[in-house]
Amino acid sequence: MGGERSPELSGREALDDLPDGVLVADRTGRVVAFNAAAARMTGVPVRAALGRDFRDVLPLRDAEGRDWWKCLAPYEGLATRTRHPERSLYLPDGTELLVTAGYRRGEGRRVERFTVCLRDAAQRARRERDRADLVSTVAHELRSPLTSVKGFTATLLARWHRFNDDQKRVMLETVNADADRVTRLITELLDVSRIEAGRLEMRRQVVDLAEEVRKVIAGRVAAGDSEDRFRFQTRGPLPEMWLDPDKIGQIIGNLVENAVRHGAGTVTIVVEPDVHGEGAVVSVRDEGEGIPPEAAQRVFRQFWRGPGGNRRRGTGLGLYIVKGLVEAHGGTITVQRAPGGGAEFRFTLPAGAPDYAV
């Protein structure tokens with residue numbers, strides 16, 4: 001049938017979807033598969049690689065400059081070998097790649113297929129630096145509240161009878177607030193971990209977006225914010241929205257908190273139908289200084305803080321988590337200058353359907 005795809009085409013597309021480079025050689029050492037990531041890492045076009053000897057396509061050398069394929073002898077070596085662990089190897093231009101290899105053997109333990117996987121060493125190094133930055137930032141964020149908790153509890157235990165009830169209450173309230181701060185950081189780190197691992201669990205049900213906004217505003221007012229600080233608008237009927245109510249509340253709550261904390265003036269929340277598709281659009285605006293255009297793409301990164309950001313007033317994870325939660329719903333989020341100045345965070349959510357509810 002005209003609409004069907006050949007297995008060969010489907011397999012090639014599947015390889016191109018992989019983030020790692022893949023080269024597959026047949027029993028003669030000729031390249032039979034070379035995906036887009038491998039072409040990007042090596043600079044060798046896919047068509048130029050197919051049909052050639054894999055050693056010519058991928059002339060790898062070790063740190064001492066030795067030809068790796070001569071050292072490895074993949075087709076002439078021990079017949080008991082099944083794979084080679086990851087190691088750093090180099091292309092002629094000095095590009096470092098992290099390389100693993102595996103065998104498929106047939107009759108007589110002869111190599112039928114030799115597969116080489118490539119990873120970008122520079123990207124790995126960046127991830128390791130990011131992890132180091134994460135550890136450093138988390139340690140910094142935890143140290144301050146834990147030091148406070150330790151100091152106040154030690155003082156109370158050692159000198160309980162020297163303080164009056166009001167002094168004890170102030171110290172215990174500080175301990176309680178700092179414990180909440182630690183709990184919030186741990187919760188955010190767990191959210192980050194789930195987002196990065198793609199393990200967010202979505203429990204969809206019909207959600208009234210307007211009601212979710214009202215709940216967030218009511219919570220802010222109950223916590224001490226002035227009711228006059230907020231303005232809520234709805235514009236037109238929405239389709240039936242199948243969303244995760246807890247995560248939607250988290251998205252709206254984080255954006256409103258961000259507007260209250262870093263913005264100024266009235267915080268305006270607008271809920272309206274998506275004129276470009278079946279879904280809804282939610283905007284959260286403030287009247288502060290806004291976000292510089294050159295920083296618009298960075299605000300959703302981990303631990304991003306604007307100029308002069310106060311480290312004690314936030315972890316810098318909230319907007320990263322918001323983006324992850326919106327995208328988990330199949331939506332998108334952007335930031336721009338609000339019509340009256342300040343920042344406007346605008347996210348779009350597809351309506352979904354009961355079939356996707358879990």
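The expected span of a helix is 1.5 Å times one less than its number of residues. The exercises below apply to a predicted model.

**Exercise 1.** Work out what span helix α9 should have, and compare it with the distance between its end C-alpha atoms.

*Solution.* Helix α9 covers residues 245-262, which is 18 residues.

**Exercise 2.** Classify the ring pair F54 and W69, then the ring pair F54 and F114.

*Solution.* The model has 7 aromatic pairs. For F54 and W69, the ring centres are 5.1 Å apart and the planes meet at 80°; over 60 degrees counts as edge-to-face, so this pair is edge-to-face. F54 belongs to helix α4 and W69 to helix α5, 15 residues apart. F54 is buried at 0% relative accessible area, and W69 is buried at 4%.

For F54 and F114, the centres are 5.4 Å apart and the planes are at 55°, so the pair is tilted. F114 lies in strand β5, so this pair ties together parts 60 residues apart in sequence. F114 is buried, with a relative accessible area of 0%.

**Exercise 3.** Name the residues that ring pairs link into a cluster with F54.

*Solution.* The cluster consists of F54, W69, Y75, Y103 and F114. Over the ring of Y103 sits the charged end of R105, 4.8 Å from the ring centre.

Technical notes
Residues are numbered from 1 along each chain as its sequence is written. This is a predicted model: local features need pLDDT of at least 70, side-chain atom pairs count only at pLDDT 80 or more; totals for chains, interfaces and linings use all residues. Side-chain values use heavy atoms; hydrogens and water are left out. Helices (H or I, at least four residues) and strands (E, at least two) are DSSP runs, numbered from the N terminus. Rings of Phe, Tyr and Trp (its six-membered ring) pair if their centres lie within 6.5 Å; planes under 30 degrees apart count as stacked, over 60 as edge-to-face and the rest as tilted. Buried means under 20% relative accessible area, exposed over 50%, partly exposed in between (1.4 Å probe, protein chains only). A charge sits over a ring if NZ of Lys or CZ of Arg is within 6 Å of the ring centre and within 35 degrees of the ring normal.
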